[in-house]
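Let's walk through this protein chain together, one question at a time. Have the sequence and the model open as you read.

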Amino acid sequence: MNRRLRRQEQHNRRVASALDAVLARHEAGEAPVTKFDPSSSGLIVFSDQHKGARDGADDFRRSERAYNAALAYYFHKGHTLVELGDVEELWEEMPAVVIGRYPRPFELTSRFTQAGRSWRTLGNHDDLVTFPDPENPSP
């Protein structure tokens with residue numbers, strides 16, 4: 001079996017296992033519940049930012065100024081930040097590289113986190129953050 005197919009099967013097993021665990025926690029009444037009142041605050045939702053290394057393949061670099069302005073504005077408005085996966089381009093870059101290239105966006109998102117107004121889901125480009133590949137242990 002080729003490496004790509006083997007890796008995809010491993011990923012599928014991990015995702016299925018994680019979903020089973022979430023369902024079991026939900027059924028046992030142990031899953032966290034996040035309450036949100038849309039009449040008192042709003043949500044700002046970003047998905048698939050794919051922050052990279054600021055090179056030619058990094059599409060986020062063209063959006064950074066608008067992104068930073070939006071985060072600053074909505075933080076002061078009291079909104080909650082929702083990041084729907086693939087925030088960083090971790091299939092192509094190491095986390096330390098991305099964080100080093102984009103300190104301001106990470107500073108702004110950390111404000112939401114510190115204020116308890118941040119939700120983040122993992123995307124397929126984030127799977128190595130949670131589930132290191134034993135054949136390549138350094139994402």
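Q: Which residues does Lys 51 touch, not counting residues up to four places away in sequence?
A: Before we start, this is a predicted model, in which local features need pLDDT of at least 70, side-chain atom pairs count only at pLDDT 80 or more, and totals for chains, interfaces and linings use all residues. Residues are numbered from 1 along each chain as its sequence is written, and side-chain values use heavy atoms, with hydrogens and water left out. A contact means heavy atoms within 4.5 Å. With that cut-off, Lys 51 touches Asp 58, Phe 60, Tyr 67, Val 87, Glu 88, Glu 89, Val 98, Tyr 102, Pro 105 and Phe 106.

Q: Where is Lys 51 found?
A: Helices (H or I, at least four residues) and strands (E, at least two) are DSSP runs, numbered from the N terminus. On that numbering, Lys 51 is found in the loop between β1 and α2.

Q: Which side chain of opposite charge is nearest to Lys 51?
A: Lys 51 is buried (under 20% relative accessible area; exposed is over 50%, partly exposed in between, with a 1.4 Å probe and protein chains only). Lys and Arg count as positive and Asp and Glu as negative, while His and the chain ends are not counted. A salt bridge needs a side-chain nitrogen of Lys or Arg within 4 Å of a carboxyl oxygen of Asp or Glu. Lys 51 has no salt bridge, and at 4.5 Å the nearest side chain of opposite charge is Glu 83.

Q: Why does Asn 68 count as buried?
A: You can find Asn 68 in helix α2, where it touches Arg 104, Pro 105 and Leu 108, not counting residues up to four places away in sequence. Asn 68 counts as buried because its relative accessibility is 13%.

Q: In what order do the elements of the chain run?
A: The chain has five helices and three strands. From the N terminus on, they run α-β-α-β-α-α-β-α.
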